[in-house]
Amino acid sequence: MKPLLYTAPLLLALSLGACQKPHIAAESSPITKDVTAQTTGLGENVTKIDARAVWQGSLDACRDATTAADACLINILRTRGASPSAINAARTLSAQGKPGYISAWQPVEGVGVATLEFPFRANTNQGIWLVDAAGKTVDVDEEVLDAGVRNLPEYKAFIDKHPDASPFAPAEASGSDALPDGGVRLRFTTPLRSCHACADEGHVTIGYDFDTKRSFKGKQLVELR
């Protein structure tokens, strides 16, 4: 097993706030977003999300703006030197109802790890996209406990003891494993609790699998405790 190294912005992202239980989606497989063949709205095609998608700057002008937060964010990026790839990433997040942008990028075992910033949220101001070789993105805070996990005996045993426990983002990197076929599994661990300010009742670790070409293959429950 190889250690997974991240910078501080990737590891520290949780801001405690008012208690609110998150929604758990019921689909049986993780969502991947194919961001290839999209445009920035500037007439430029963006082949994929990569290190060029990083943008760092101030959004203070949007705090008191009369325009919507997502529109203001995109306008700031366009007028302050953001790359087409950065604008494309921000547009993708806005289309998902999560106004934000990519603030950092790190390749890990051949997989792109993008730090997401959500500047207008009261809680959970950061997130992570895993980006495969084709530019498909996997949000490690989406569908952490999908139908496949919830049907497993270990999950049912856990939830019998902790009926109100749910995943609370952000997930944190917890290592990597080499797969027999030359691929790699990146592991992320998410706390389980009943509200933001509540004590952890457990943790779930999910492994995200990529093949030898670093195409995303799926996710697996690694540990639930």
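The model is predicted, so local features were taken only at pLDDT of at least 70 and side-chain atom pairs only at pLDDT 80 or more, whereas totals for chains, interfaces and linings use all residues. Residues are numbered from 1 along each chain as its sequence is written, and side-chain values rest on heavy atoms, with hydrogens and water left out.

Burial is read from relative accessible area with a 1.4 Å probe and protein chains only: under 20% is buried, over 50% exposed, and anything in between partly exposed. On that scale nine of the 12 residues of α3 are buried, so the helix is largely enclosed by the rest of the structure. Among them are Ile 87, Asn 88, Thr 92 and Leu 93. Just after α3 comes Gly 97, with a positive phi of about 80°.

Helix α5 (residues 153-161) has a clear division of sides. Tyr 155, Phe 158 and Ile 159 are buried. They cover an arc of only 95° around the axis, which puts them on the same side of α5; the arc is that of the directions from the helix axis to the C-beta atoms. Pro 153, Asp 160 and Lys 161, on the other side of α5, are exposed. The cover over the buried residues of α5 includes α4 (147-150) and the strands β10 (184-193), β11 (202-210) and β12 (216-224), with contact taken as heavy atoms within 4.5 Å.

Two of those strands, β11 and β12, pair in the antiparallel sense over seven bridges, where pairing calls for at least two DSSP bridges between strands. Val 204 sits opposite Leu 224 in β12. The two strands make a hairpin with five residues between them, and Arg 214 in the turn has a positive phi of about 65°.

Turning to the cysteines, there are two disulfides, each a pair of cysteine sulfur atoms within 2.5 Å. One joins Cys 62 to Cys 72 at an S to S distance of 2.1 Å. Cys 62 lies in the loop between β3 (45-46) and α2 (69-79) and Cys 72 in helix α2, so the link ties together parts that are 10 residues apart in sequence. Both Cys 62 and Cys 72 are buried, and their link is left-handed, with -95° about the S-S bond. Cys 195 and Cys 198 form a disulfide with sulfur atoms 2.0 Å apart; the torsion about its S-S bond is about 95°, so this disulfide is right-handed. Cys 195 is buried at 7% relative accessibility, while Cys 198 is partly exposed at 27%.

As for charged pairs, the whole structure holds eight salt bridges, each a side-chain nitrogen of Lys or Arg within 4 Å of a carboxyl oxygen of Asp or Glu. Arg 193 and Asp 200 meet at 2.8 Å, N to O; Arg 193 is buried at 5%, and Asp 200 is partly exposed at 39%. Asp 50 pairs with Arg 52, their closest N and O atoms also 2.8 Å apart. Here Asp 50 is buried at 15% and Arg 52 exposed at 51%. Lys 98, Asp 139 and Glu 142 are linked in a network of salt bridges.

Conventions: Helix = DSSP H or I, 4+ residues; strand = E, 2+ residues; numbered from the N terminus.
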